[in-house]
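Dear colleague,

I am handing over the structure below, and I would be grateful if you could look it over before reading the notes that follow.

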Amino acid sequence: MKTKYDDNGDARMDKALTAIAILIGAIMIISLTTNPIITGTKEGDRAPNIVGKAYNGSGWLDFDLSTYYDSSWSMENNNTTGSQWVMIEFLDTDCGYCWGAAEEYQGLSQYFTPENPNWDGPHVSFMASAAELTGLKGHDSSREEIMAFRDMTPGEMCNSSNQDCSTRGGSPYLIPFIDDLDKSHMDKWGIPGTPAYFLIQPDGIIAWASADHEGETPGDAIYRIVFKEYIETLHSESLSQGGV
Amino acid sequence: MEMLDSNTILAVMVIPMVLGFLLISPIGESLAALVSDKFPSLKTLRGRLLFGSLLIATSGFIVASMTLWISNTISEGAGFCVANNIFSCDDVIGNDDYNKVPMIGISWAWLGILVYTFFLWVVMSINKEPDAEWVGSNIKLGFMVSTAGIFAIIWLMYAELQMGKICPYCTAAHMGNILLIYGFWQMGKLYDSGEWHKQ
């Protein structure tokens with residue numbers, strides 16, 4: 001077989017190698033100077049943003065989860081900034097498990113705040129994203145039902161439409177309830193069922209996902225992650241200042 | 001990096017692109033006359049088109065690399081561009097609803113850097129062997145790919161409109177693509193006229 005020699009072939013190959021070398025050089029520089037974190041719902045991922053409407057007790061207002069974040073936060077300055085951690089619960093007001101967990105979640109939401117004299121750790125902002133899990137018996141939620149669930153007002157039926165929302169355990173919530181009746185946020189976060197909890201660092205990175213820690217409650221997770229880091233930070237600061 | 005404002009960095013990166021555009025534009029001849037003694041290849045239209053396009057592709061590649069760098073550092077929480085402003089790369093590149101190529105799934109920044117690598121190869125190989133028989137097809141290839149980039153630019157402009165934010169780095173990369181369409185079109189015109197080889 002006769003091989004045809006291409007006089008001009010080397011220019012294309014030569015420059016292809018040059019272009020690839022430039023590309024590889026750029027990629028190496030970028031990969032050595034950055035540490036990309038993907039957006040997702042696993043621990044260590046950047047939490048997908050949530051934008052929509054949330055009920056805060058007085059009305060349905062614009063909500064943007066990213067406004068809670070502080071990009072300058074780091075674990076090293078956990079106690080020195082006014083940054084807040086975020087605990088979010090994905091629930092359905094007709095979900096029996098969410099109904100049962102409401103008393104504890106509501107209690108926690110008022111515990112890890114600067115207003116509580118018994119808690120001097122970093123502020124943890126609680127919120128809930130209320131979806132309607134369609135196709136399940138008695139699951140017919142609405143904004144009115146979300147408001148009734150949050151405020152414990154009578155007239156709406158929660159817990160598979162079996163109980164008046166005002167009869168749930170605990171006290172009225174003071175936290176924002178995000179409208180996710182179309183399940184768009186749940187789908188975006190890839191959450192198969194409720195309740196699901198996520199603890200998010202002040203920089204927007206997921207620190208804890210309940211699905212990965214069976215048996216650990218949101219309160220346990222806050223003590224284990226937020227408070228432990230806080231104590232360690234205080235301890236290292238104390239040592240650097242000559243204390244014990 | 002923290003020493004310089006992000007807009008200043010971008011302005012420096014775009015200088016070669018502006019020079020490249022001036023070279024391939026109608027005023028390129030008079031501009032090149034100032035330096036043609038040192039760079040004789042700029043005396044010809046072919047030389048100006050090739051060198052100008054090379055400058056644009058190089059600048060575009062650097063800007064696209066910087067966009068990928070920003071894309072990666074945003075996930076660290078770095079505030080590279082000015083936040084709470086209509087010009088914000090953080091908000092545009094960091095928006096996970098729009099920052100990936102539909103269906104393919106890679107980030108637009110990655111696509112940008114790959115496309116500019118292709119442009120660099122096309123222009124550099126023509127520059128190396130301007131009289132080779134494959135030059136005509138390479139010019140057409142460059143023109144087609146850069147023209148296809150218009151669809152991506154329109155989609156990204158739509159995304160920026162939806163977000164109400166503009167990323168100056170992305171815009172600079174888009175400008176480079178548009179300038180290369182013009183560059184390849186001019187090269188194709190020169191090649192088809194038969195004047196290419198005479199130069």
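To begin at the end of one helix, α7(B) is followed by B:Gly194, whose phi is positive, near 85 degrees. Helices here are DSSP runs of H or I with at least four residues, strands are runs of E with at least two, and both are numbered from the N terminus. This is a predicted model, in which local features need pLDDT of at least 70 and side-chain atom pairs count only at pLDDT 80 or more, while totals for chains, interfaces and linings use all residues. Residues are numbered from 1 along each chain as its sequence is written, and chains are lettered from A and ligands numbered from 1 in the order in which they are written.

Chain B as a whole has eight helices and zero strands. Of its 199 residues, 46% are buried, that is, with 20 or more other C-beta atoms, placed from the backbone, within 10 Å of their own.

As for the contact between the chains, 22 residues come from chain B and 23 residues from chain A, two residues being in contact if their C-beta atoms, placed from the backbone, lie within 7 Å. On the side of chain B that touches chain A, α3 (45-74) and α5 (108-128) each supply at least two residues, and the largest share, seven residues, comes from α5(B).

With best regards

Definitions and conventions
A residue is buried if 20 or more other C-beta atoms lie within 10 Å of its own, exposed if 12 or fewer, and partly exposed in between; C-beta atoms are placed from the backbone.
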